[in-house]
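Subject: Structure handover

Hello,

Here is the structure we spoke about, with notes on what was found in it. Please read the notes beside the model.

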Amino acid sequence: MLEAVMCLALNIYFEARDQPIEGQLMVAEVTLNRVKAPGFPKTVCDVVWQPGAFSWTDDGKSDHPNDLHAFAEVVLLANDVLHDDSVLLGTDALFYHGKSIHPTWAKHMSRIAVIGDHIFYAKVS
């Protein structure tokens, strides 16, 4: 469980540490939704480190947090989420991107939330 907490915390940290708590929760939710969804890896760490899944894992920059206070906060959040998923927002979000990016795949998804600098999507049913 500790490994899953650390992987989820790193994902929240690098994807959303500067976002409101709802945005951080949504990044966690996307990660955990992928664990449960067909076509994605079945562990938190495998989802986080899946090639091409999250930009920070393959951007050539350090994967070590440099803001230890912010990282400590997201570790607590990740631990809370993994031990009690009722703190999540309860969406079926599987994807997101920053507002400044306009990926072609988004046209084929259902937009479900805009939180902070991110737009979140679910697959169209």
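The lining of the second largest pocket divides into two nonpolar, two polar and four charged residues. Here Ala, Val, Leu, Ile, Met, Phe, Trp, Tyr, Cys and Pro count as nonpolar, Asp, Glu, Lys and Arg as charged, and the others, Gly among them, as polar. Phe14, Glu15, Arg17, Ser55, Trp56, Asp59, Lys61 and Ser62 line this pocket, and about 150 Å³ of space lies in it. A pocket is an open set of points on a 1 Å grid where a 1.4 Å probe fits, with protein on both sides within 12 Å along at least five of seven lines; lining residues have an atom within 4 Å of a point.

This is a predicted model: local features need pLDDT of at least 70, side-chain atom pairs count only at pLDDT 80 or more, and totals for chains, interfaces and linings use all residues. Residues are numbered from 1 along each chain as its sequence is written, and side-chain values use heavy atoms, without hydrogens and water.

The largest pocket has a volume of about 380 Å³. It is lined by 21 residues, of which Glu15, Tyr96, His97, Gly98 and His118 are the closest to its centre. Its lining divides into nine nonpolar, six polar and six charged residues.

Helices H2 (residues 21-36) and H4 (residues 68-83) pack at an angle of about 50 degrees, with axes 11 Å apart. Helices are DSSP runs (H or I) of at least four residues, numbered from the N terminus; axes are lines fitted to C-alpha atoms over the stretch in contact, and angles run from 0 to 180 degrees between N-to-C directions.

Regards

Key
Helices (H or I, at least four residues) and strands (E, at least two) are DSSP runs, numbered from the N terminus. Grid points are joined across faces, edges and corners, and a volume is the space filled by probe spheres set on the points.
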